[in-house]
Structure formats: structure tokens, C-alpha cells
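Please open the model in your viewer and keep the sequence panel at hand.

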Amino acid sequence: MKTDLRGKHLITLQEWTKEEIDTLLDIAFDLKRRKALGEKHRLLEDKTFYMLFFENSTRTRNAFETGMTQLGGHAIFLTPSATQIGHGETAKDTVEVLSRFGDGIGIRYCTYKKGNAYMRELAKYSRIPVINMQCDLYHPTQALADIMTIQEKFGKNTRGLNFTISWTYAPNYIRPLSMPQSLILLMSRFGMNVTLAHPPEFHLLPDIVEQARKNAEENGVKFNIVHDMDEACKDAHIIYAKSWGPIAYTGSREEGLDLIEKYNTWVMDGRRMKLGQKDAIYMHCMPADRGVEVTEEVMDGPQSVIYDEAENRLHTIKAILAATMR
Ligand SMILES: NC(=O)NCCC[C@H](N)C(=O)O
């Protein structure tokens, strides 16, 4: 098994082989076990990781920062306004300097058509690993935690599971496409039949959907798009139901918010949960609009794995840091 992942950028897991992703998962399971046993695992002593956030964060920032502490290193929280990026310093100049100081850099930048481009620009000039902490297109560290959680619930062999990612109704906020896009790209590579459900205007980017279809074909599994939430939940083992914006359909925030209102029946509730398999699980990357996009009954119910999923952010992020910055 290939284990040398030092210096590798993680912009999207689509650019990592299945073998490399399996290596990360092995490390994550091992680090989780070692933490539970209270075993020290200071694999990154004296190393520094920079975390550049263009947007807010709860799970991601704290998983990276706590993770670096547990690995014996240090993490530094940066924002554009706390650095010269806010004054227009270029990606090249920023990363040339940080590359001479420290050992890795993460970026969260979700603005459509800007975030991923900025990360690619940083990666071009960086001599330390660049880790995507969520952009407009992908959220690889969340998707990795999600695979780990699915393997914990259903076993390492996930072949034949039915995975549904469904849009839900959540007003007031246009959420990025990065979660559904990362999930449709990744789950078929782990042998799952993928169903993507959304109202027509909430479609994802065509080239990413095409890549997901190709992934499914190469792995001999199904990939379906439906426009009905009940149909999507039927026979699913995994129901991942969360909101995103009609970003690929309209650039107008007002039109986007009106479109969201049109589909206020797309709520994840107990009735829909029952349409899935008996042992189905409910997933959400959080934060969720409690009682709006998903009922409290589902969020706090026995089939919900949302807190395990959030916890696994820590273990998988530590695996990425340890593997790429060692
Ligand atoms: N788990 C996370 O990283 N959550 C924060 C980002 C969620 C984002 N607002 C989204 O809905 O895609």
C-alpha cells in the first residue's frame, strides 16, 4: 500500500487515488483508537499549520486547531483582514513566505468562482501542502469524515449500499455546492449506488455531475438524479439531507431566496426516514436549520449519526495533517 503522502495538496479527493484515500482512513481509524486509549501520538512535533479562513467555521477550525495540538504541533488562525491579503497581497507572495516559515496551509474560501481558483493559485506556488478547508466546489475533509462514519456504521466494505444526498429547504442563506458535489464524486468510488435529489433549479455543476457519473460507471454502481424527495429516500441506507443554493442556476441572491421558498416541503422528517432501509442512517455536515430543513425528531433520533460525523472530522483531519506534513 502506498503510504508516502508527504507534501501532497488536497484540493479535492477526486485527485487522490482510492488507495491513497484508504491510507488516510486507516490512519484516521488508528489515531481515533490511540486517542481513546490515551496514547500519545505527537507525530508533528514543532510543526506549524496555517489556517486561512475567508468565512466562519466551527467544526473545521476547531478540528484542525485541536488536531495540531494533539499531534504535538501548532496551528495559527488567519483571516484576510488580519493579514495583508486584505490589502491585496497576492496568493503567490503570501504562500512563498508562509512556505519558508511553516509546514502546511489550509484555506476556506467558498465564494462561487473565486474560492477554488484562489486555492489552485496558492498550490501552484506553495512548497508546503495546501489543504482545502472548503471552497465553492469541494469540501474534501468533510467528505472523508463522512466515509469514515459510514464505514463505522456499516463496516469497511460499503459496496452495494444505497447513498442518497437530498436537497432540503432552509431559508435566508445560500449555501455552497461543495458538500453535495464532494459526496456524489466520492461515494460511488466506495461502491455505493448514489441518488442525488433536488428541485430542478438546484442542480449541481454539469462537469462535476458528469465526473460523478463516470466514477459510478467505472465502479459498476448506479448514479441517479431525481426531483422527488420521497423517491430519493426509498430503500436508502444513508440519507444525507441538507440545503444548498441554486448557484449553478442563478447568480441573483433575491431570485435564489425566492426559489428556496418555492420548495418548502423538502423537509427531512420521520415519515421520510421510514421510507429508507430499516437500519438507515441520517447524516448532515452541520450546521443544520433545526426544525426547518430537518425535524428535531430526526436530528436527535436513533438513526442520526450527526455527532459521530462531526467527531470524525477531528480524526480524519489529523490523518490528513500527519500524512502530508510528516
Ligand atoms: N461541516 C462544515 O464544515 N460545516 C460548515 C460549512 C457548511 C456550509 N455552510 C454548507 O452548508 O456547505
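Where does aspartate 46 lie? Select this residue in the predicted model: aspartate 46 sits in the loop between H1 and strand S1 (48-53).

Next, colour the chain by domain. Domain 1 comprises 13-139 + 313-324, and domain 2 comprises 142-309. Taken over C-alpha atoms, the centres of domain 1 and domain 2 are separated by 25 Å.

**The interface**

Now select the residues where the domains meet: 26 residues of domain 1 are in contact with 28 residues of domain 2. Between the two domains an area of about 2300 Å² is buried, and carbon and sulfur atoms give 62% of this area. On the side of domain 1, display Gln14, Phe29 and His139, which lose the most area to domain 2 and together account for 25% of what that side buries.

To view a salt bridge, select lysine 32 and glutamate 152, whose side chains meet at 2.6 Å, N to O.

Which secondary-structure elements each supply at least two residues of the side of domain 1 that touches domain 2? Highlight helix H1 (18-36), strand S4 (130-135) and helix H12 (306-325). H1 provides the largest share of that side, nine residues. Colouring by residue class divides the residues of the side of domain 1 that touches domain 2 into 13 nonpolar, six polar and seven charged.

**A cis peptide bond**

Move to methionine 286 and proline 287, which are joined by a cis peptide bond with omega of about 10 degrees. Proline 287 belongs to the loop between strand S9 (281-283) and helix H11 (296-299).

**Annotated spans**

Finally, select the spans recorded in UniProt. An unreviewed entry places "domain: Aspartate/ornithine carbamoyltransferase carbamoyl-P binding" at residues 8-152. This span, residues 8-152, is 46% helix and 16% strand, with its end C-alpha atoms 26 Å apart. The feature "domain: Aspartate/ornithine carbamoyltransferase Asp/Orn-binding", also from an unreviewed UniProt entry, is placed at residues 179-323. Residues 179-323 are 45% helix and 12% strand, and the end C-alpha atoms of the span lie 23 Å apart.

Conventions. Residues are numbered from 1 along each chain as its sequence is written. This is a predicted model: local features need pLDDT of at least 70, side-chain atom pairs count only at pLDDT 80 or more; totals for chains, interfaces and linings use all residues. Side-chain values use heavy atoms; hydrogens and water are left out. Domain bounds come from an automatic or database domain assignment. Contact means heavy atoms within 4.5 Å. Buried area is the accessible area (1.4 Å probe) that two parts lose on being put together, summed over both. A salt bridge is a side-chain nitrogen of Lys or Arg within 4 Å of a carboxyl oxygen of Asp or Glu. Helices (H or I, at least four residues) and strands (E, at least two) are DSSP runs, numbered from the N terminus. Ala, Val, Leu, Ile, Met, Phe, Trp, Tyr, Cys and Pro count as nonpolar, Asp, Glu, Lys and Arg as charged, and the others, Gly among them, as polar. UniProt positions are given in the numbering used here, feature names are shortened, and annotations may be inferred rather than shown by experiment.
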